[in-house]
Amino acid sequence: MLNTVQVYIVNNVDIPDYEVDSGIIGAEQIYIYNFKNPEHMSEQELQGICDTFGEFMISAYFLVGMGGPYEELSGDKENGFKKVILADKSMDIKKWMFRLFLEGDATPDENKIFLFKEKKELNVKKDMEIEDGMIVIAPVLDTTAIGIFSKGINLAKFFK
């Protein structure tokens with residue numbers, strides 16, 4: 001469970017701004033989770049995110065540049081992104097991927113991670129439409145916060 005003190009719901013009037021920033025459309029719920037210390041995400045916060053959303057972690061997409069840190073990851077390259085399958089990975093691997101996703105290279109805000117209840121294929125270079133039963137997490141506001149987007153899944157149950 002994530003701490004509600006660090007979470008706020010984006011009001012409907014603000015949704016278009018966040019959708020433009022994230023490239024994500026169709027969300028019925030958008031929560032912004034602010035890290036306590038954006039410079040160094042604590043192990044407790046990382047564990048909380050993975051405990052909360054670990055079962056939904058199906059795949060992650062990392063922006064790949066020439067000789068960048070994501071070249072070593074196993075996965076398929078699609079449209080300039082490396083797709084890493086997380087569905088059958090251990091929680092330790094998922095934690096490592098999430099930290100790498102957030103603390104990545106020079107442009108971590110370009111990374112996109114998608115946490116699905118069901119596997120979906122999305123073109124990460126275009127606006128992504130959220131379907132029923134889908135959760136998407138993407139960096140917003142640089143990397144001091146993440147956006148948690150959903151349609152068909154009640155996100156409120158994940159926060160205490």
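In the predicted model, the buried residues of helix α3 are Lys94, Lys95, Met97, Phe98, Leu100, Phe101 and Leu102. The elements that cover these buried positions of α3 include helix α2 together with the strands β4 (57-63), β6 (81-85), β7 (112-116), β9 (134-140) and β10 (145-151).

The packing of α3 (residues 91-103) against α2 (residues 43-53) brings the two helix axes within 10 Å of each other, at a crossing angle of roughly 115°, and the crossing is right-handed. On the α2 side, the contact is formed by Glu43, Leu46, Gln47, Ile49 and Cys50, which meet Met91, Lys94, Lys95, Phe98 and Arg99 of α3. Sorted by class, the residues of this contact comprise five nonpolar, one polar and four charged. Among the α3 residues that take part in the contact, Lys94, Lys95 and Phe98 are also listed as buried.

Helix α2 also contains Thr52. With a relative accessible area of 6%, Thr52 falls under the 20% cut-off and is therefore classed as buried. A polar atom of the Thr52 side chain lies 2.6 Å from the backbone oxygen of Gly48, a separation that is within the 3.5 Å limit for a polar contact.

Key. Residues are numbered from 1 along each chain as its sequence is written. This is a predicted model: local features need pLDDT of at least 70, side-chain atom pairs count only at pLDDT 80 or more; totals for chains, interfaces and linings use all residues. Side-chain values use heavy atoms; hydrogens and water are left out. Axes are lines fitted to C-alpha atoms, for helices over the stretch in contact, and angles run from 0 to 180 degrees between N-to-C directions. Helices (H or I, at least four residues) and strands (E, at least two) are DSSP runs, numbered from the N terminus. A crossing is left-handed if the near helix is turned anticlockwise from the far one by less than a right angle, and right-handed if clockwise. Contact means heavy atoms within 4.5 Å. Ala, Val, Leu, Ile, Met, Phe, Trp, Tyr, Cys and Pro count as nonpolar, Asp, Glu, Lys and Arg as charged, and the others, Gly among them, as polar. Buried means under 20% relative accessible area, exposed over 50%, partly exposed in between (1.4 Å probe, protein chains only). A polar contact is a pair of N or O atoms within 3.5 Å; within protein, one must be able to donate a hydrogen and the other to accept it, and residues adjacent in sequence count only if both atoms are side-chain atoms.
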